[in-house]
Amino acid sequence: MAYVHAEIASQPDCWREAARLAPTVTDRLPRPGERVAVVGCGTSWFMAAAYAGLREHAGHGETDAFQASEFPTGRRYDRVIAITRSGTTTEVLDLLVALRGQLPTTVLVGDPASPAVELADAAVPLPFADERSVVQTRFATTALALLRAHLGEDLGRLAADAEVAVRAPLPIDPAAIEQVTFLGRGWTVGLAQEAALKCREAATFWAEAYPAMDYRHGPISIAAPGRLVWAFGGIPEGLPEDVAATGAAFVHSRTHGCHTVLTSWAAGRNPVDPMADLILAQRFAVALATSRGLDPDAPRHLTRSVVLA
């Protein structure tokens, strides 16, 4: 069995472990009112964007997300958070070096012995969420779960929703789809970007992602029969009907057309948390890879960490 299958299935337990860890690392994470930047590369950048949206919406303070290579070093922040599974990614290490003595830094990392731990002012190791697969799943979501717990969110409910997501039938047959576009609003735009990346990485599949309100400003032009639009979180009024008019399929954590596809663990809590819905998208990407005869643990042209000469 591919490593990624087991790693996806382990996310509920990882999120619960993150909830237990969060109260013990509060001194290393942003305080309310701090101006914060969160950085990462690829998947970690998308998790950074999701956290930035959640933190600002919760009223904890101005929060920006950047690709590590694009961080504006002349801008002042109270704290910089770096998310890196391996702790060896060149762009993240270069930024940590550049910020030493300039801005307080904290790294969320899978490998406690990695160079990033030595370069940052503080570290929150998450070895229980580290992975063998090249394609990231549980480390990224566990880092986001930890940050959500630090914001005061209930990870018990979130993990219970994840238990549903790792077992629920996929909302649509991947073999019947030739293209997918993921949509989000607010913090879930980062989740949409991550879902699209999983399809590209694991299955070399044509996948795009956009803010849901922007979808009708051009991207809807590629919607057609045999293609799929998958939305995370709240959806704009009229969007399902507009997608239906194109002949494309529409998936939402509450609806597939007019039908429920994923029901929350507790009555009255429908749809599930969008992060649990991301698990379905991860499973969709892996199923795509399998249907195309590909190994999701060994995507082409990719390595577990990007280390540049």
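Me: How many cavities of 30 Å³ or more does the structure hold?
Reply: This is a predicted model, in which local features need pLDDT of at least 70 and side-chain atom pairs count only at pLDDT 80 or more, while totals for chains, interfaces and linings use all residues. Residues are numbered from 1 along each chain as its sequence is written, and side-chain values use heavy atoms, with hydrogens and water left out. A cavity is a set of points on a 1 Å grid over the protein atoms alone where a 1.4 Å probe fits but cannot get out, and its lining residues have an atom within 4 Å of a point. With 30 Å³ or more as the limit, the structure holds one cavity.

Me: Which element gives the largest share of the lining of the largest cavity?
Reply: The lining includes Val4, Ile8, Lys198, Ala202, Gln282, Ala285 and Val286. Two or more residues come from each of α1 (3–9), α8 (188–203) and α10 (274–291), helices being DSSP runs (H or I, at least four residues) numbered from the N terminus. The largest share, three residues, comes from α10.

Me: From which domains does the lining of the largest cavity draw at least three residues each?
Reply: The bounds come from an automatic or database domain assignment, which divides the chain into 3–156 and 169–292. The lining draws at least three residues from each of domain 1 (3–156) and domain 2 (169–292).

Me: Which three residues supply 32% of the area that domain 1 buries against domain 2?
Reply: The two domains bury about 1500 Å² between them, 75% of it on carbon and sulfur atoms, where buried area is the accessible area (1.4 Å probe) that two parts lose on being put together, summed over both. Supplying more of domain 1's part than any other three residues are Ile8, Phe46 and Arg148.

Notes. On a 1 Å grid over the protein atoms alone, a cavity is a set of points where a 1.4 Å probe fits but cannot get out, and a pocket is an open set with protein on both sides within 12 Å along at least five of seven lines; lining residues have an atom within 4 Å of a point. Grid points are joined across faces, edges and corners, and a volume is the space filled by probe spheres set on the points.
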